Amino acid sequence: MEDLHTLSNLFATTYNADPNVQKAGELQIRKVGSQEGMIKLLLEMIANDNVDLATRQAGAVYLKNRVYNSYAGDNENPRPDQVPIAASDRDALKQGLLRLLAVSPSRSITLQVANTLKNVVAHDFPDRWPTLLTEVKRMMDMEVSSIREVAAGCVAALEMVRAFRFRQQSDVLPGLVSELFPSLVNIATRLLATPPANASQEIPHMLHLILKTYKTSIVIHLSPHQQSRESLMPWGSLLFQVVNLQIPADAVPDDEEERERSEWWKAKKWAYGILGRLFHRFGNPSQLPSSMQKEYKAFADHFVVAFAPEIFKIYLHQIELFVSGQAWLSKKCQYQIMTFMTECVKPKSTWALLKPHYESLVSSYVFPQMSYTPAKQELWESDPVDYVRTTVDEYEAYDTPLSAATTFLLSLASNRTKTTFMSVLGFVNTILSSKPAAPQRFGALNMTAALGQFIMRHPDVKDNMEQFLVSHVLPEFAAPEPYMRAIAAEVLGTVEKAGLKWNNERNLSNHFSCVTTLLDDPELPVRVQGALALTEMVTVHESVKKAVSSQVGKVIQTLLKLSEETDLDILNSCMETMVEQYQTELLPVAAELTARLCETYSRLAKESLAAEEVDGLAEMEIMEQSVGEDKTFAAMGVAKTIGTIVASVDSSPEILAQIQEIIIPMLVLTLENKLIDLYDNVYDLVDSLTFKLRTISPAMWSVFELTYKVFKAEAVDFLDEMLPSLDNFVSYGTDMFKARPDYRQMVLDIYTTSVTSEHLGENDAVNGCKLAESMLLNLRGHIDEHLQHIIATSFKLVDTAETFALRLANLEVLINTVLYNPAAALHLMETFRSGASRIFFDKWFEAIDTNDRLPRVHDKKLTIMALCALLEMDPTAVPVPVQEIWSGIVAGALKVFKDLPRAIEARTALEKAYQDDDEDDEDDDEVRLLNLNEEDDDVWDEDSAYIEMLANEGARLREKSEKQVIGDDISESSDESDLTEELGYISPLDGVDAYVSFKQALTAFQMKNGPSYQHLGQQEQLEKLRITVNTLVDAQSQLQATVNNIAPDVRLERVKAELTLQPMRPKNAAATASTTPLIYPLGTPADVLAKLPQTYIDAFRMMNDEAFDALGALGVPVVMNADAKPLASSVTTSEFKRSLGG
């Protein structure tokens, strides 16, 4: 780049009105951006007052993005999309950024430069920028620096803290805090010495920056310096001073929204936020997680005694001033105050402070917040959709005074039920009984709706709720004020959802009739609340469900129309419920309903895409939130509803196939337009459709091709979401894969990428291994050309995989290659590396011989089947390195057989646990929601336990990460225990009888490998064979027990009859030759025959007690004595042996 003038002209083109000029300028900037000296010249341009401000702004944005994308990269080995920054330009940045902050002409440029500084600091401080701390401290020295330099120093301090705020290792941040924070608190204290009315705008801005810096520093840790008295006292004094500061009206804008954004109120917001954070995370001993006790217990004990009471006193005073109209409070500050009050409910010491005041807080602050205000009326009239969104969606506006007041009310009800609950309900009843104006009635009913779940769990209150509805809610359905009709529906829907039981069917009918009329109400919020209430009633009451059934089509159409008008996800949930409840009624119109929903989804997807394209025009800007975000969330909800329809029609394959063809274009639209936020929903649908139909339609293959395309581009980290669908494509589209080598290559490439890409983690590699397993199991004989590549790829992971999950998944890829073609697999292992087959066998048998290294049923079954394949091999094909251990295959199989029943039992228990979860949740609701046995002690509730769990898990992960960094060994025990049964996984091996396969393999082994088989005749191996037969019979017994559990009716008797065997007899009663075949009765099922001894010697080997008892339990006397009399199952083991001549 030649000079400053040329550069400024170039950046001026980026905001030229002519898009062609703008585009040409951006291309030229990309072209020259990598030139050495470009950044140094850019810094000069941004600092030059003679350059147009917009041009300097454009340069600052470019500089921020350039540093963000490339500064932390490897200059010697950059990524393909990365343009390295030259060393001289890096030096120029470190020399010029602080000066640029001090001369910045605007807040917007300061913001860009500050972000640039943060990224440089994160990469270079302290090792490569050792002078930074000294430079910043000098700038903040008010004795030698100008006010602008001090302000720039405050900005730099904030960015240094931001660079390290999320670092789990607290190595850099504590040092920054101890060096910078004494200067910061000194600056802030001196700034406050100037009264607000006389202060320049720099003073509140700097105060805001200083307090924001402190808050940023305590996101995760509270440094030892901050816990010390010499820090806590001056900062505490400063915070109290800011909170108590009365801002004169002439120091802030008149408009309340602008006043909220003013620097003075930003500073007060951060002060409130710091005090709240200190108490919530570090200063509340009764709620302090055990993993944080060592570091913060002493601080918490001091803070709750020395600071919490003063905070409470000041906050209560601020609320009293606000509700009495003597002072104004910003919404953010109100939120912080009520959040602190909520935190005071559970600890014993702070509850003692709050208890005398909770009633006045509820009546003077909570109730007015929950009443119908002019602000609510204005929102209803100007934007009814937004009104519904903010009142229905609990996550839409969580940091508002209303949400904080509601949370405070709920905390009182659940944690201090005995003291507060009846008092609050008495207040509500008093309001409603006095027949006040509609806005106050709204407030009382709004409080009732908020407390609905608690009301319906309280033993002294829940039975009175029907009369409450008749007296106070039913009349409001006819109120002239639409918001009263809406809140009536909300109260009804809430208590219905919480389990209301109607004693009078007429009362139920009257409320149902009122709700149905709301669906045609002229006001949109009323129609939405009516739909929500009706959905709850349909779910709970059979009479309501029956009454709606004839009109369900109209109800669904109403819901669709409302959804299209509002794009509210909660209405999609209503449609899901209706589809689940009326599967039979909606079956004839399922395709039509799906088509309508697909149209809605496509519209939302296109609108979201258009919004992203608009955002993309401002390529150099960082958008805080995408304009199309709401559209995307709405599209997600529609996709979930479509998924519910798919699930509801799986009993009709013809309709499901028709629906699939309607859905596929929607899936293609999403993938072609790279709407990555919707990929999760797309693959849920693909998985559901392909699994339920058990076939892949011609149109669905376009989705497979697009899946490969997006995986190789922007969706490389979506393999976890893609895997079930990819597995279905391979499992149910085997004919297509057999005919299409390019499809096989695509799946293989996905596997290879997943285990070799530097951008993917070990979980992705595990998923890739599962995909390779699917190929090997489903395409046997059709991927011979890829076997060598799979083996080579897998062997590269053998010694590098860190987690147990990946080590096992990778090992099972190799085991699958053995099952696929044992001779070829072992040969290719030796081709890859001499002795590789022995390495594989050693790893495999180590897993077999170690408890819980093959933990799941599928792991054990796969190993058994692969060992069977090895037993059936031609002995001449066995590689030399493994010949000496070949006879150990049988012993390995017996070990796995012995452990298999335990794995099956564990899987069954897990399935049962999942089924029982919902019932347990319902039983625990009353205990979980209410504290009915309360004293004024500390409360430890479900939220406390959840925070404890999160903190302890975070501590565990940090400890594990630190051990990895320093190279310490990490125990595999916890790693292995995390690996549980995948109940949704269906394997081609599920239908294979491992016992029958092993018997056949053992027979083949005897025929092909006689010497090794004879070696098994030694005493040790003989005993193991006895165990194996016992295992076979034990498994048959388990099969019988399973059948008994599944079919406890007439079918059971039929199954029992089929499995009951008559005494077997030798062909010749006098024969004693070991090869004499044993004859079973005609009609004995083939699968049972396969599990029973076939010869006399087989029976002889079953003479241990367990085997005999197991056969006896089946009612199967196994042999006959010399007199051809059947042995009763009750005979002793010694008699059994004597009958055989033993």
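How close do the axes of helix 4 and helix 6 come, and at what angle do they cross? Before I answer, a word on the source: this is a predicted model, in which local features need pLDDT of at least 70, side-chain atom pairs count only at pLDDT 80 or more, and totals for chains, interfaces and linings use all residues. Residues are numbered from 1 along each chain as its sequence is written, and side-chain values use heavy atoms, with hydrogens and water left out.

The axes of helix 4 (residues 53-70) and helix 6 come within 9 Å and cross at roughly 20 degrees. Here axes are lines fitted to C-alpha atoms over the stretch in contact, with angles running from 0 to 180 degrees between N-to-C directions; helices are DSSP runs of H or I, at least four residues, numbered from the N terminus. Helix 4 is therefore roughly parallel to helix 6, a term for angles under 35 degrees.

Let me turn to the loops. Between helix 6 (107-124) and helix 7 (132-139) lies P126, which a cis peptide bond joins to F125, with omega about 0 degrees.

Two aspartates have positive phi. D567, in the loop between helix 31 (552-566) and helix 32 (569-581), has phi near 55 degrees. This residue counts as buried at 12% relative accessibility, where buried means under 20% relative accessible area, computed with a 1.4 Å probe on protein chains only. D852 has a phi of about 70 degrees and sits in the loop between helix 46 (836-849) and helix 47 (857-871). With a relative accessible area of 43%, D852 is partly exposed, that is, between 20% and 50%.

Key:
Parallel < 35°, antiparallel > 145°, perpendicular 65-115°, else oblique.
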